[in-house]
Amino acid sequence: FAADLRADLFRKVQSYSFANIDKFSTGSLVTRLTNDVSQLQNFVNMMLRMMLRAPGMLIGGILMAIKLSPNLSVVMAVTLPLLLISIAFLVSLGMPRFTKMQTKIDKLNSTVQENITNVRVVKSFVREDFETEKFADANGGLKKAGISAMKVMIFMQPVQTFFMYVTTVLVIWFGSR
């Protein structure tokens, strides 16, 4: 998937007019051809797992819970929507932060590309310190955006584990009665 997508993107970029090329920075194009394709590859991989395995396990688990004890399956009917709502909330908080992070990646790639392309000019005019500071600012901005995005998304696993344990405790509690 990723190899075909990269090949298609490369062909598309090669067919751009000069007006299109002026619209996109080189750093942005590099990001689209590398980082974005990798993220799409991970997304497709995750979706294949989630779309094939997870629904089967969910439906099978619900059917088995109802078959074993319809009264206790009410616990799942309560906790499952709460879990889905909390995950949707975390994703809605995280997505704008990942969009901001993407912009910072573009800026960092543009800065690196400028330095590589103009290395002789930078050295001729003794601008290494300025360019180093410019890179540090772009890199620091990306770091802050990445940490901000991860601070939200890092709660996903604990929230899932919390609901799983609450469901287990409630099933044991009501089942023992």
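**Questions about contacts, burial and pairing**

Me: What does isoleucine 105 touch, and what makes a neighbour a contact?

Reply: Setting aside residues within four places in sequence, isoleucine 105 is in contact with Thr31, Asn35 and Leu142. Contact here means heavy atoms within 4.5 Å. Bear in mind that this is a predicted model, where local features need pLDDT of at least 70 and side-chain atom pairs count only at pLDDT 80 or more, while totals for chains, interfaces and linings use all residues. Residue numbers start from 1 along each chain as its sequence is written, and side-chain values use heavy atoms, with hydrogens and water left out.

Me: Let's move to glutamine 102. What makes its link to aspartate 36 a polar contact?

Reply: A polar contact is a pair of N or O atoms within 3.5 Å; within protein, one must be able to donate a hydrogen and the other to accept it, and residues adjacent in sequence count only if both atoms are side-chain atoms. The side chains of glutamine 102 and aspartate 36 make such a contact at 2.8 Å. Glutamine 102 lies in helix H4 (residues 73-117), whereas aspartate 36 lies in helix H3 (residues 26-68).

Me: How do you know whether these two partners are buried or exposed?

Reply: Glutamine 102 has 13% relative accessibility, so it counts as buried. Aspartate 36, at 17%, counts as buried too. Beyond four places in sequence, glutamine 102 touches Thr31, Arg32, Asn35, Asp36 and Gln39, and aspartate 36 is in contact with Thr31 and Gln102.

Me: How many salt bridges are there, and what makes a pair one of them?

Reply: There are two. A salt bridge needs a side-chain nitrogen of Lys or Arg within 4 Å of a carboxyl oxygen of Asp or Glu. Aspartate 8 and arginine 11 qualify at 2.5 Å, N to O. Both lie in helix H1 (residues 2-14), three residues apart, about one turn of the helix. Lysine 134 and glutamate 114 qualify at 2.7 Å, N to O. Lysine 134 lies in helix H6 (residues 128-153) and glutamate 114 in helix H4, so this pair ties together parts that are 20 residues apart in sequence.

Me: Why are phenylalanine 162 and phenylalanine 163 called an edge-to-face pair?

Reply: Rings of Phe, Tyr and Trp (its six-membered ring) pair if their centres lie within 6.5 Å; planes under 30 degrees apart count as stacked, over 60 as edge-to-face and the rest as tilted. The count by this rule is one aromatic pair. In it, phenylalanine 162 and phenylalanine 163 have centres 5.5 Å apart and planes at 75°, which makes the pair edge-to-face.

Me: Which residues form the largest nonpolar core, and what makes it a core?

Reply: A nonpolar core is a set of buried Ala, Val, Leu, Ile, Met, Phe, Trp, Tyr and Cys residues joined through side-chain atoms within 4.5 Å. The largest has seven residues: Leu83, Ile87, Leu90, Val152, Met156, Val159 and Phe163. H4 and helix H7 (156-176) are the elements that give two or more residues to this core. Phenylalanine 163 has 14% relative accessibility and so counts as buried. Another core lies apart from it, with six residues, among them Met101, Ala138, Leu142 and Ala145.

Me: What makes the phi of valine 126 worth a look?

Reply: Most residues other than glycine have a negative phi. Valine 126 is not a glycine, yet its phi is positive, about 50°. It lies in the loop between helix H5 (119-124) and H6, and at 64% relative accessibility it counts as exposed.

Terms used: Helices (H or I, at least four residues) and strands (E, at least two) are DSSP runs, numbered from the N terminus. Buried means under 20% relative accessible area, exposed over 50%, partly exposed in between (1.4 Å probe, protein chains only).
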